[in-house]
Amino acid sequence: MDFRAAKLLIKADCIKIIKGNSVTNSIEHTDIVVIGAGFSGLYAVHRLRKDYAVICVEAGDGVGGTWYWNRYPGARVDIESVEYSYSFDKTLEQEWSWPEYFSAQPDLERYANHVADRFDLRKDIRLSTIVTRMTFDATIDRWNVHTSDGKHIICKYVVAATGSLSAANTPPWPGRETFKGQILHTTEWPREGIDFSGKRVGQIGTGSTGIQAAPIIAREAAHLTIFQRTPAFSMPSGNRPMDAEHEQDWKANYPARRQEMLSNYGVSLMTRPERSAHEYTPEEQRAILEKGWTSKSAFQLMLAFNDVMTDKAANDIVAEFAREKIRGIVKDPVTAELLCPKTYPIGGKRLCNDAGYYEMYNRDNVSLVDVATAPIVAFTEKGLRTADAEYELDIIITATGFDAVTGAMARIAIEGVNGQTLADKWANGPTTHLGFMVAGFPNLFMVHGPMTPGAQAQMITTGEWQVDFIGRIIDDMEQGGLSRIDATVEAEQRWADEVQSVSQFTIHRFADSWYNGKNIDGKKGGFMIYVGGFPRFAELCEEAIQANYEGFLRS
Ligand code: NAP
């Protein structure tokens with residue numbers, strides 16, 4: 001029998017998987033709800049809509065996810081745009097042109113909008129709408145999805161493309177409401193921008209975001225005070241206008257390059273090192289590191305030697321080189337020393353990329369405040385108070401990052417079988433099977449979920465791969481006439497062991513960061529990113545499916 005004709009007549013035969021949405025008693029029925037219209041969500045709509053009815057719910061009033069929300073000055077991707085782009089449509093690959101090597105936020109948002117229009121995705125996307133609550137009805141194997149506009153949708157599957165860096169981490173200090181000026185989080189930046197001219201600006205946070213924003217703000221503001229808790233390692237981004245030859249080279253070779261990306265970290269064209277740092281003389285090491293620093297390829301420094309990420313002594317050589325660069329650029333020795341990271345290995349937190357970040361500290365209107373020794377304790381009427389001083393400010397920018405990986409999902413009231421909520425289940429850290437599913441939350445799939453490679457791989461390409469993988473699982477369900485897929489608790493444990501064990505081989509374990517939730521006070525759980533490499537991740541996912549859906553329960 002044709003698979004579509006055989007589509008499920010499950011326990012409640014009034015609610016079948018349907019090609020097309022319907023409404024009964026003001027409840028909408030659809031096959032799949034996709035949460036989020038970022039890059040993965042957009043592709044999920046496109047891919048899944050071929051066979052199923054899809055409703056996509058997006059909190060923003062536009063598409064693009066990360067590249068919709070993060071419109072702070074200087075927001076820019078750190079992977080070449082020719083790579084950081086969709087692969088699913090060959091014509092799209094050929095027709096789109098990126099003006100720069102590393103695109104700025106407006107170009108990425110423009111691309112997301114182009115894709116939404118080009119593939120007519122908007123008709124299935126509800127903007128300015130938030131999923132507030134989801135409950136799984138185990139009697140009919142359906143999710144009840146409630147949204148901020150008061151709608152109730154019943155669907156068979158939910159695909160959460162909620163993003164791993166989307167839930168803002170807002171600082172907890174008291175007095176926020178007393179501050180007479182303006183407080184802005186970098187991920188909730190106003191579309192019309194901010195006029196910094198003549199303003200005393202304070203910026204808290206010196207991660208990838210803060211490092212991109214500060215040099216631009218410094219050019220405009222009367223004064224910029226940077227409040228730094230932990231200095232970051234950063235290297236020059238090497239951004240430049242796209243040249244026609246490079247673009248053509250990519251366009252001529254896309255199929256092979258995309259293949260290469262998937263057998264790598266979602267990026268290609270990086271020179272892979274063959275030798276250990278210890279096989280070189282200090283002079284040779286220096287020459288290789290200089291080449292990496294000026295390579296104009298964001299992460300080439302981390303690929304100077306084959307043991308930078310696994311051997312502390314090799315890592316120390318690279319870290320000291322980066323510190324020397326900082327000392328060479330920043331004229332004031334006290335400031336330079338404060339900017340030198342010394343408490344964790346280089347690459348232990350994601351390496352930042354900048355355009356003039358260290359040079360910015362040579363300006364007269366920029367000062368650095370160490371809030372590791374004297375922490376910020378409160379917002380005040382006039383600005384910020386630390387343990388030893390008060391700073392008068394007109395605008396405070398919190399570039400304080402994200403409740404990463406789990407935040408976006410745990411903030412939705414998601415109730416699985418037996419009434420357990422996802423937030424409760426993850427109270428001591430996330431558990432997943434292969435990063436896609438959580439035991440007790442059937443028919444719910446995550447893209448870039450906890451314990452996937454996430455930002456350790458290129459998010460668009462590997463997001464497409466994950467959406468295709470989820471699509472395959474759903475297709476198998478429908479072709480098999482099945483109504484429920486869940487993960488087992490044992491499989492979650494096995495995956496947790498795998499995630500922890502591969503993280504023990506890398507120097508990531510020596511750094512507190514959003515990778516392990518230690519950027520947020522009190523957040524529990526271990527390592528939330530799979531650092532065993534995307535190829536191994538993909539292989540293990542494939543193996544589980546081939547082994548008759550090992551670790552999954554299907555009925
Ligand atoms: P982040 O790396 O977590 O940095 C947050 C910053 O805020 C850190 O300097 C942190 O200090 C500081 N902070 C947080 N809470 C604080 C507190 N209570 N007091 C003082 N300082 C505090 O966040 P992010 O910069 O937004 O970057 C997150 C990730 O987004 C990156 O790792 C990257 O994957 C992605 N991203 C990529 C790009 C790009 O492609 N170029 C750009 C931006 C972001 P501590 O280090 O001491 O916690």
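Reader: Which helices each supply at least two residues of the lining of the largest cavity?

Author: General idea to begin with: rolling a water-sized probe over the atoms shows where empty space is left. Here, helix H3 (90-95) and helix H6 (244-262) each supply at least two lining residues, helices being DSSP runs of H or I with at least four residues. H6 gives the largest share, four residues. One caveat: this is a predicted model, where local features need pLDDT of at least 70, side-chain atom pairs count only at pLDDT 80 or more, and totals for chains, interfaces and linings use all residues. Residues are numbered from 1 along each chain as its sequence is written, and side-chain values use heavy atoms, with hydrogens and water left out.

Reader: What volume does the largest cavity have?

Author: About 90 Å³. A cavity is a set of points on a 1 Å grid over the protein atoms alone where a 1.4 Å probe fits but cannot get out, and lining residues have an atom within 4 Å of a point. There are 13 of them around the largest cavity, with Glu 93, Trp 96, Trp 98, Lys 251 and Tyr 254 nearest its centre.

Reader: How much space lies in the second largest cavity?

Author: About 50 Å³. Its lining includes Ala 160, Met 409 and His 448.

Reader: And the ligand: which polar side chains lie by its oxygen atoms?

Author: Arg 229 has a polar side-chain atom 2.8 Å from a ligand oxygen, and Arg 350 has one 3.4 Å from a ligand oxygen.

Key:
Polar contact = N/O pair within 3.5 Å; in protein donor to acceptor, adjacent residues only side chain to side chain. 1 Å grid on protein atoms, 1.4 Å probe; cavity = no way out; pocket = protein on both sides within 12 Å on 5 of 7 lines; lining within 4 Å. Points joined across faces, edges and corners; volume = space filled by probe spheres on them.
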